Each structure stands twice: as C-alpha cells, then as structure tokens.
Amino acid sequence: MVMTTIERGEMAAPTSYPPRSAVISWIFFDWAAQPYFTLITTFIFAPYFATHVAADPASGQALWGFATAAAGMVIALLSPVLGAIADASGRRKPWIAAFGALLVIGSGLMWFGRPGDLQGIPLLLIAYGIASIGAEFATVFNNAMMPTLVPPDRIGRLSGTGWATGYVGGILSLILVLGFLAASPETGRTLFGLTPLFGLDPVSHQGDRISGPLTGLWFVVFVLPMFLLTPDYPARLPAGAALRKGLRDLRRTLVELPKQKSMATFLIANMIYTDGLVSLFAFGGIYAAGTFGWNTIQIGTFGIILALAGAIGAWLGGKLDDALGPKRVITISMSVLLFAVVAILSVDKDHVLLMPVAPPEPGGALFGALSEKAYLVLGCLIGAAGGPLQAASRTLLIRIAPRDRIAQYFGLFALTGKVTSFIGPLLIGIVTAATASQKAGMAVLVLFFVTGLVLLARVRER
C-alpha cells in the first residue's frame, strides 16, 4: 500500500501509509549514514588527524574546528533553498542520491591522510568538508520523507527508532574497525588480538585511514533498501519550474516566519543547542585523545560504549516522545548534557571533580584510572541524551510545520542547525589556540545549552 493523497498543490495528510517494509527501509538510511559521524567525525579519523597528522593535538583540534565551521556555513546557506526546491519538485530520492555521492567521494579521499604529512592536510580538510556537506544534505531530504510513512501519533517512535538504529550501525562499524582493521602500532594487534585484515599497516595507521573508504562503502550498501522499497513523493514540477516556485515559496515562508512565534523561537533554540551538541560530539574524542593520551583502540572502545548508551537513549526517547511530547524530551536531554559538560570540565588525567587522583598508568588496564572511569560515565550520559535530543527535535518540527512545506522547513531546520554551527567549532578552535588548553576550548559549550533551554521554554507545542 502506498500513500495516495499527495497532490500537485498543497499536500494533505495521507489517508494510507506504506507497508512495514518501506518504513524499515527508510530507517536503514540512519544505519547507512551513521558510520560517517561515528568513524570520521568522532571516534576514529578526527582523533587520528589531531594526534598523528597535525603537528600537535591542539593545532589539530583547531584545524578540524575551522574545517567544520566552513562546511557548516555552506550547509546553512543552501539548505533552505534546496528544501524549497525539493518541495516544489516533489521527489526526494534524487537529492539523497546526489548528496550521498558526495559523502562517498569525500570519505574515500581520507585514505590519503598519512601520519605527519602536513602537506596533505588541505586535501584532508577539503575531503572532510565535501563529505560533511553530502551527509548533512542527504539527511535533510531523508527527514522530509517522514510525515508520509506513519500516522502523526507514531512520528516520535519512528524518529527515535531511526536514531537508535543509526547508533547500532555506528557500533557495528566501530567493532569492525577496532576488531579487524585498526591495530596498535606498539603491538600490531587489533582489539580482538588479531593481525589487521588486508595487510593494513599499524605503523602508518592504515587501520585508522581505512575508516574513510569503509564509511563510503557502508553507505552505498545499506542505503539501497530505502531507494528500492520506500516510496518517494511523486514528481510535481520540472526542474526549472521547481526552482522558480521553490524560491518564491521560500521567500513567502521567510516573510511569514516572524509571525509564527513558536516556530521561530524553536528554530533559534535548535540553532543554538544543536551547535553545542555537534561541537560536543565532534571534539569529544579529540579531547579524550589529548587529555588521556588514548589511542585509536581506546577511543573506539569508548565510542562503542557511548553508542550503546545512545541507542538505548534514542529508543526510550522515542517512546517518551509519543507519551510526553517532544518538547519535554528535548528539555530533559539538554539538562543532562549541560550537567555532563560542566562535570567533564572538572576531569583530567589526574583530577576528578577538581580533586587529585592517581593518573593512568602506562600500559595499564583499559579505563583503569578513576579519571578515565569518570570520563566514561559522563560520556555515557552524553550519548544517552544526545540521541533523544536530536530525534525529538525533528519530531517537534514535524508537529508545528505546515505539511505542504515540510522539506522547506526541514531546510530551515538544517539552516538553524548549521547557520551558527561554525560558531561552536570556531570558538573552540580560537579559545584552544589562544590558551593552548583543550579544556578551555570545551568550556564554551556551557553557554550553548543554557541559552537553548531558556529559548525552548517559550515554544508552544501543538
């Protein structure tokens, strides 16, 4: 059964919905895309870049922050325009395919990032920007398919299940890299005690670098069910007409937006707290690598544990979303994140809550020091709260946005998620570079979550 009520003009609520196989196939987009955020931006490639490619961890964190900021500005400027054109043209899948190709190309180029190759840094940062733009734009158009897949009272569960499934995909990709591909340069063995597959050289960190091509291959394989089984919106207008109508509609939406106070306030709140969350995820692994000296296996194991916490949190958050409403779920999640960030600032290798503790012993047990255990617990809180925050945010948008302009509003949603997304990484980069302190750089995130909570309190949920 496919949806039958999408017209050429205004889009009505569907009276019928696609079969379960179509919904499950849509969910697999999150599974397909998540390794990019897990392997590249958080736990494998970003820490590798900062600690082994760049001259030192602080400058590596700063360069990564500047590249993240540049990609975020491109995404912010183009998301609303592309969303408006997609609403006018109707179809979503061609956009997902085009930007998915950018994700695959950019990720594949990261293989060429050799340790200590300072001349190769510009290529790596450009590849990272291309892949980031592809991943984020593909997600915009995938999100815009949600209202036609399930009834409104099940949107929260669908969103939460998608995020949870994505986390599971991220976990499995991390296990694949850590258990079979990335080995310690000292021992030559992976987390499972194996010699790396395909003859990957631990000394030149080929196990870390392979995370880029693996991310691209993973996306191609697991996004196929969505293209094959999930129904797309029917075509409405040809490209030229869609461009003209999309820009007219976007202009009308922007003129009307100040009158929609709850929507405008929510988009501003999302702009601020998403910036904080993305920065926290992007620099969490880099911060751990610099603070505790963790290698790829330690950071990856940390990532697996966080992803498990995130999967459980997103799944439970989806249920709470339908029961309590997305606004309450967002508020609870942000409060947890704020607590975790403040607590992390009091933890380093020889302090917990500013109290002296024994530092990690060289060659000691995995997460054997008290400071490492504390960071692990706080990281689990971040993982468990981050999933529900993101899932409930897209649910809240669906509940308050006009149905006939859903892709356009998801474009604005991406805009507000990205228009200042350069500010968080930029501030972290500037403060870190100015103080040569990773902790000082991370401290700026407190302001983002406090401001987000204050603004969210003014949003009225339908």
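Tutor: Rings of Phe, Tyr and Trp pair if their centres lie within 6.5 Å. Keep that in mind for this model, which is predicted.

Student: Which residues form one aromatic cluster?

Tutor: Phe45, Tyr48, Phe49, Trp64 and Tyr128 do.

Student: How many aromatic pairs does a search of the whole structure find?

Tutor: The search finds 15. Take Phe45 and Trp64. Planes under 30 degrees apart count as stacked, over 60 as edge-to-face and the rest as tilted. The centres of these two rings are 6.3 Å apart and their planes stand at 40°, so the pair is tilted. The pair links distant parts of the chain. Phe45 is in helix α2 and Trp64 in helix α3, 19 residues apart.

Student: Are Phe45 and Trp64 buried or exposed?

Tutor: Phe45 and Trp64 are both buried. Now look at Phe99 and Phe137, an aromatic pair that is also tilted, with 4.8 Å centre to centre and 50° between the planes. Phe99 belongs to helix α4 and Phe137 to helix α5, 38 residues apart. Both are buried.

Student: What lies over the face of Trp111?

Tutor: Arg209 does, at 4.6 Å from the ring centre.

Student: What about charged pairs?

Tutor: Side chains of opposite charge can pair when their charged atoms come close. A search of the whole structure finds 5 salt bridges. One of them joins Asp30 and Arg394, at 3.5 Å from N to O. It links distant parts of the chain: Asp30 is in helix α1, Arg394 in helix α13, 364 residues apart. Both residues are buried.

Student: Where are Arg157 and Asp322, the pair that links distant parts of the chain?

Tutor: Arg157 is in helix α6 and Asp322 in helix α11, 165 residues apart. Their closest N and O atoms are 4.0 Å apart. Salt bridges that share partners join Arg157, Asp321, Asp322 and Arg399 into one network.

Student: Why does Asp322 count as partly exposed?

Tutor: Buried means under 20% relative accessible area, and exposed means over 50%. Asp322 has 22% relative accessibility, so Asp322 counts as partly exposed. Arg157, at 41%, is partly exposed too.

Student: Which residues have the most contacts inside the largest nonpolar core?

Tutor: Phe266, Ile330, Leu397 and Phe449 do, in a core of 136 residues. Helix α10 (residues 261-292) gives the most to this core, with 16 residues.

Student: What does Ile330 touch, not counting residues up to four places away in sequence?

Tutor: Ile330 touches Phe266, Tyr273, Leu389, Ala392, Ser393, Leu396 and Leu456.

Methods: Residues are numbered from 1 along each chain as its sequence is written. This is a predicted model: local features need pLDDT of at least 70, side-chain atom pairs count only at pLDDT 80 or more; totals for chains, interfaces and linings use all residues. Side-chain values use heavy atoms; hydrogens and water are left out. A nonpolar core is a set of buried Ala, Val, Leu, Ile, Met, Phe, Trp, Tyr and Cys residues joined through side-chain atoms within 4.5 Å. Buried means under 20% relative accessible area, exposed over 50%, partly exposed in between (1.4 Å probe, protein chains only). Helices (H or I, at least four residues) and strands (E, at least two) are DSSP runs, numbered from the N terminus. Contact means heavy atoms within 4.5 Å. Rings of Phe, Tyr and Trp (its six-membered ring) pair if their centres lie within 6.5 Å; planes under 30 degrees apart count as stacked, over 60 as edge-to-face and the rest as tilted. A charge sits over a ring if NZ of Lys or CZ of Arg is within 6 Å of the ring centre and within 35 degrees of the ring normal. A salt bridge is a side-chain nitrogen of Lys or Arg within 4 Å of a carboxyl oxygen of Asp or Glu.
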